[in-house]
Amino acid sequence: MLPIDRPQKIVCIGLNYSDHAEEQGVPLPERPILFAKWPNTLIGPGEPIVVPAISQKVDYEAELGVVIGRQVKGVSADTALEAVAGYVCVNDVSARDLQFGDGQWVRGKSPDTFCPVGPRLVPASEIPDPQALRIRAVLNGETMQDSTTANMVFGVAEIVSFVSQAITLEPGDLIATGTPAGVGAFRDPPVFMQAGDEVTIEIEGIGSLTNPVVASAV
């Protein structure tokens, strides 16, 4: 069901939209904030997001996913986009109670099924400017996030360059580039996904990624 090859690494960027930082009342980061999700999180279009029994605060996050096309290390921002194979929609599903309770993000970001990707890998040649794409999250037919990748604090080229200074990126690696304002945790009142919900991530030029939400059986 996956529209991409299973990546060796899933590298994620936190607080990378100016409006998302604003809704939390925190300053913009001075450099990209990196965290990881594990490959067990990956599912494709139409596959269910499973709410684990250990979390009651499962959130959606619309993100532009970047798939690396060739090995790259220490690349400059000027040439970083040459290493991009293509783009996908990503839902960086997050268990907020685990994420905030742990004091670091990996466990809250990495339960099984917490990284839907799709609907297909769009070649980089079809996306001339990854910083000019409308991005939305729709929960049960209601638009929750509606922004543009122009609001990224660090653009795709900067992110690929920054990551590659420390981490060799391999073909197939996936970078989730951050989410805009409107996530459930910072709404008043908060909105979290429940069994029976349906969530769609839409990105201009890439398409729509829809997944149902179910409760864990264990």
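Visitor: How many bridges join β6 to strand β7, and in which sense do the two strands run?

Guide: Please note at the outset that this is a predicted model. As a general idea, strands of a sheet pair through backbone hydrogen bonds, either parallel or antiparallel. In the present case, β6 (residues 62-68) and β7 (residues 84-91) run antiparallel and are joined by seven bridges.

Visitor: What is the order of the strands in the open sheet?

Guide: The open sheet has seven strands in the order β2-β1-β12-β6-β7-β9-β3, and the pairing is mixed. β2 (33-37) and β3 (42-43) stand at the edges; each has a single partner strand, so one side of each is left without a neighbour in the sheet.

Visitor: Are the faces of β6 covered or uncovered?

Guide: Both faces are covered. On one side A62, L64, V66 and I68 are buried, and on the other E63, G65 and V67 are buried. Seven of the seven residues of β6 are thus counted as buried.

Visitor: Which residues have the most contacts inside the largest nonpolar core?

Guide: The general idea is that, in soluble globular proteins, nonpolar side chains tend to be buried together. Here the largest nonpolar core has 47 residues, and those with the most contacts inside it are I49, L64, Y87, V160, I175, M193 and I206. The elements that give two or more residues to this core are β1 (10-14), β4 (49-51), β6, β7, β10 (134-139), α4 (156-166), β13 (198-203) and β14 (207-215). The largest share, five residues, comes from α4. A second, separate core of twelve residues includes I10, L42, V117 and L174.

Visitor: Which residues does I206 touch, leaving aside those up to four places away in sequence?

Guide: I206 touches L64, Y87, V88, C89, G118, P119, V122, I127 and L133.

Visitor: How do β10, β13 and β14 pair?

Guide: β10 and β13 pair in the antiparallel sense over five bridges, with I201 in β13 as the bridge partner of A137. β13 and β14 likewise pair in the antiparallel sense, over six bridges, and E202 stands opposite S208 in β14. The hairpin of β13 and β14 has three residues between the strands, and G205 in this hairpin takes a positive phi near 85 degrees.

Visitor: Where are cis peptide bonds found?

Guide: One joins G118 and P119, with omega about -5 degrees; P119 is found in strand β9 (residues 115-123). The peptide bond from D188 to P189 is also cis, with omega near 5 degrees, and P189 is found in the loop between β12 and β13.

Visitor: Finally, which residues lie nearest the centre of the largest pocket?

Guide: In general, rolling a probe the size of a water molecule over the atoms shows where empty space is left. The largest pocket holds about 160 Å³ of space. Its lining has 18 residues, of which L15, H20, Q24, Q99 and W105 lie nearest the centre. β1, α1 (18-24) and α2 (96-102) each supply at least two lining residues, and the largest share, three residues, comes from α2. By class, the lining has six nonpolar, seven polar and five charged residues.

Methods:
Residues are numbered from 1 along each chain as its sequence is written. This is a predicted model: local features need pLDDT of at least 70, side-chain atom pairs count only at pLDDT 80 or more; totals for chains, interfaces and linings use all residues. Side-chain values use heavy atoms; hydrogens and water are left out. Buried means under 20% relative accessible area, exposed over 50%, partly exposed in between (1.4 Å probe, protein chains only). Helices (H or I, at least four residues) and strands (E, at least two) are DSSP runs, numbered from the N terminus. Two strands pair if DSSP finds at least two bridges between them. A nonpolar core is a set of buried Ala, Val, Leu, Ile, Met, Phe, Trp, Tyr and Cys residues joined through side-chain atoms within 4.5 Å. Contact means heavy atoms within 4.5 Å. On a 1 Å grid over the protein atoms alone, a cavity is a set of points where a 1.4 Å probe fits but cannot get out, and a pocket is an open set with protein on both sides within 12 Å along at least five of seven lines; lining residues have an atom within 4 Å of a point. Grid points are joined across faces, edges and corners, and a volume is the space filled by probe spheres set on the points. Ala, Val, Leu, Ile, Met, Phe, Trp, Tyr, Cys and Pro count as nonpolar, Asp, Glu, Lys and Arg as charged, and the others, Gly among them, as polar.
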